[in-house]
Amino acid sequence: MGCGVSKSNHFHKDSKKALRAAVLIQRWYRQYVARTEMRRRYTWHIFQSVEYSGEQAQIKLYNFLGYLMDNFTPSSSERNLISHIFRENDISLDAEWEKYFCYKNIEVPEIYSGPHLTFPLTVEQAVNLLEAFRNKRQQLHSRYVLQLLLETWKLLRMLPNINRISTCHSKEITVCGDLHGQLEDLLLIFYKNGMPSLEKPYVFNGDFVDRGKDSIEILLILFSFLLVYPCDVYLNRGNHEDHIINLRYGFTKEVLTKYKIHGKRILKLLQKIFSWLPLATVIDQKVLILHGGISDTTDLGVLAKLDRHSYVSALRPPKRRNQICSTSSVDTDVDEEAWNSSRISNRRASLTFPKPIIARESFQNRSLQDFSNHLKVNTEEKQEGQGTKPATSQREAVSTSSESILDLLWSDPMPQNGCMPNEVRGGGCYWGPDVTEDFLSRHNLQLLIRSHECKQDGYEFCHNRKVLTLFSASNYYDVGSNRGAYVKVGPDLVPYLVQYQASSMTRELTARQSVGRTERSALKVLREQLFAHKSDLICAFKKFDTEGSGLVSLSDWAAAVESVMHLNLPWRMLRSQLVICKTSNGMINYHDWFHELAIKEPNADHIEQSLLETLYRHRSTLETIFRIVDTDNSGFITMEDFRQTWKLLSSYLKMEITDDAISDLAVTIDSNQDGSIDIDEFMEAFRLTDKKSRLERGRSMFMGTATDLTKLEGDPNV
């Protein structure tokens, strides 16, 4: 009996040890999961902050250029430099457009081994085109591209603004979100779900192009199936189906690179096609599919009646034809009535335009040099006495239809009730669950499917599961960063979601490796951002370094970085990832910290430091202006245009850039001294290269943070 008691005590001792071990393992595992989740969240936050700030910068730049167009005299050289991007309708009649896009004089050489198309298009030809792109055999000949696009344009002109489709007991409707030029995702969707057919209808919810490398191939595949199955393939317009946005995010460059001879005509025809894409699709009168979202003023009745094709860019309202001077090109200027028409709304305008600062007559014969002293582009009106006044617009708003399209393409949902301007993106609005409830009730709908936002799982429900965000471009920021998803909707209207990742590499990585890889890519982007704000950061460090030792503590370093970047990141936690150099007592040498970044550049010693930093920080904006100035799409600009580009940028940023500094920069780049600048070589020469991740494949997104954009409005020392 005593022996039994001894065994029992021994058992209890062992069980206590096992229990303590289990608790320790559990605690360790929870800490590991928490750290992994923290890394995942700040990685995601870095990517999204940089992405959205790029969109905001593009909208601000376009507003700035549009303001120059409206206020400079027609004969000014600056106006001529940018006027072509505002001429959406140089040819007013569709018949004249068709003559301009005629493909019959383009011959297909005998050595061409790519797909051959005949019209009307057959299923076999559409499938063969897809297989050719899958196998990377050869791109489609420009004759067939123009012919396919022309047929697509003719078909789209017959479609309503809002497509209405229905399910039946024998088939489901598949809805896909953003693809963004990632052909492997589209191919995987077709592999898993089947190609479009009478039994397999599809809705593609916009943002087919930009960022990825196969945007034109995706368009050609979707358009070919649209022509074969016009009643079973539906395409909605996204905010990237806009030639102004394409200038910044790669689609314009892709088309001109792949189709050097006829690229300009292809882009012009695509511009027309984008404006004719339907705005929304409704399934069984209950499920609404649109790209961005809604606002508290969105009305499907208004959207159904407007002339969608007149909105070549959603960012700039069209001009009424009866107000166009016979000597001017169509859509060169903005319609004053449409521009200045106002209405009472429960929120501020979702995309605001600057008010004239000076009377129009006073701009006669003015140049950028004079103009930059007066120009101020505002994205919002600062309200006085917050909390005492309603959030209504105090300025003239754009017309109802313009605002509706902008909200439809650019808006995002938010968890709080209400509706407010989307200042993160710079266009559209944020809308809350109360707005969703009211909108669905007014239109007798039960679900809103939208895209526009990258989600880590490829989808996300919000607003009591009445709004579904769907994103179909997997590995969007980097390999392993997110899944893609599509949804199938049957007669019961219950969404069935399918997730995937297109890269085979993700299947070989563990969860820890996947998070680590994405984190390294995000940190690479973050280090580029930090270096591009070097001057501001040094000023912030010096406020803490009162003795001028070049050293700051970890807490001071974190506070200084956050005061400049405003990214709300755990900087103390990130210190080990971002800073290697520190003294034995834990202090950080901030001068040595910047030396950890290597810059691949031509002989930059001769370039003024402020100009160099401006170039790094606003690299994407500068490249966008280059693409605008390059009117013949040759990839080269003259020295004079190069100087004019920098003058536009300096006026936009409200900063002084001397002619001597610009000349020194031009001479440095023009190594062969032929008097012209290769845009691609120039932009590549001033790309930041991070020592810590030089050998890694990481997608460097865009330069400039939200802080820069607020500085553009009020700080003359940017």
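Which residues do ring pairs link into a cluster? They are W44, F47, F471, Y476 and Y477. This is a predicted model.

## Aromatic pairs

The structure holds 19 aromatic pairs. In one of them, the ring centres of F251 and F274 are 6.3 Å apart. Their planes meet at 40°, so this pair is tilted.

F541 and W593 make another pair, with centres 6.0 Å apart. Here the planes stand at 65°, so the geometry is edge-to-face, which requires over 60 degrees. F541 sits in helix α18 (residues 534-544), while W593 sits in helix α21 (residues 590-595). The contact therefore ties together parts that are 52 residues apart in sequence. F541 and W593 are both buried.

## Charges over rings

Arginine side chains also meet aromatic faces. The charged end of R157 sits over the ring of W153, 4.1 Å from the ring centre. R211 lies over the face of Y249, at 4.6 Å from the centre of that ring. R211 also belongs to a network of salt bridges.

## Salt bridges

The model has 20 salt bridges. One of them joins D214 and K136, whose closest N and O atoms are 3.4 Å apart. D214 lies in the loop between β3 (202-204) and α7 (215-228). K136 lies in the loop between α4 (123-134) and α5 (142-156). The pair therefore ties together parts that are 78 residues apart in sequence.

K136 reaches 54%, so it counts as exposed, which takes over 50%.

D412 and R450 meet through their side chains in a salt bridge, at 2.8 Å from N to O. D412 is in strand β7 (residues 412-413), and R450 is in strand β10 (residues 447-450). The bridge therefore ties together parts that are 38 residues apart in sequence. D412 is buried, with 1% relative accessibility. R450 is buried too, at 0%.

E460 and K455 form a further salt bridge, with 3.1 Å between the closest N and O atoms. E460 is partly exposed at 38% relative accessibility. K455 is buried, with a relative accessible area of 13%.

Which residues are linked in a network of salt bridges? The members are E51, E55, R211, D412, R425, R450, E453, K455 and E460. Both pairs described in this section therefore have their residues in the network, since D412, R450, K455 and E460 are listed there.

## Helix α23 and the EF-hand records

How many residues of helix α23 (residues 619-629) are buried? The count is 11 of 11, and the helix is mostly covered.

An unreviewed UniProt entry lists "domain: EF-hand" for residues 532-567, 617-652 and 657-692. Such annotations may be inferred rather than shown by experiment. Over residues 532-567, the chain is 67% helix and 6% strand. The end C-alpha atoms of that stretch are 15 Å apart.

Terms used
Residues numbered from 1 in each chain as written. Predicted model: local features only at pLDDT ≥ 70, side-chain atom pairs only at ≥ 80, totals over all residues. Heavy atoms only, no water. Salt bridge = Lys/Arg side-chain N within 4 Å of Asp/Glu carboxyl O. Helix = DSSP H or I, 4+ residues; strand = E, 2+ residues; numbered from the N terminus. Buried < 20%, exposed > 50% of the residue type's maximum accessible area, 1.4 Å probe, protein only. Phe/Tyr/Trp six-rings, centres within 6.5 Å; stacked < 30°, edge-to-face > 60°. Lys NZ or Arg CZ within 6 Å of the ring centre and 35° of its normal.
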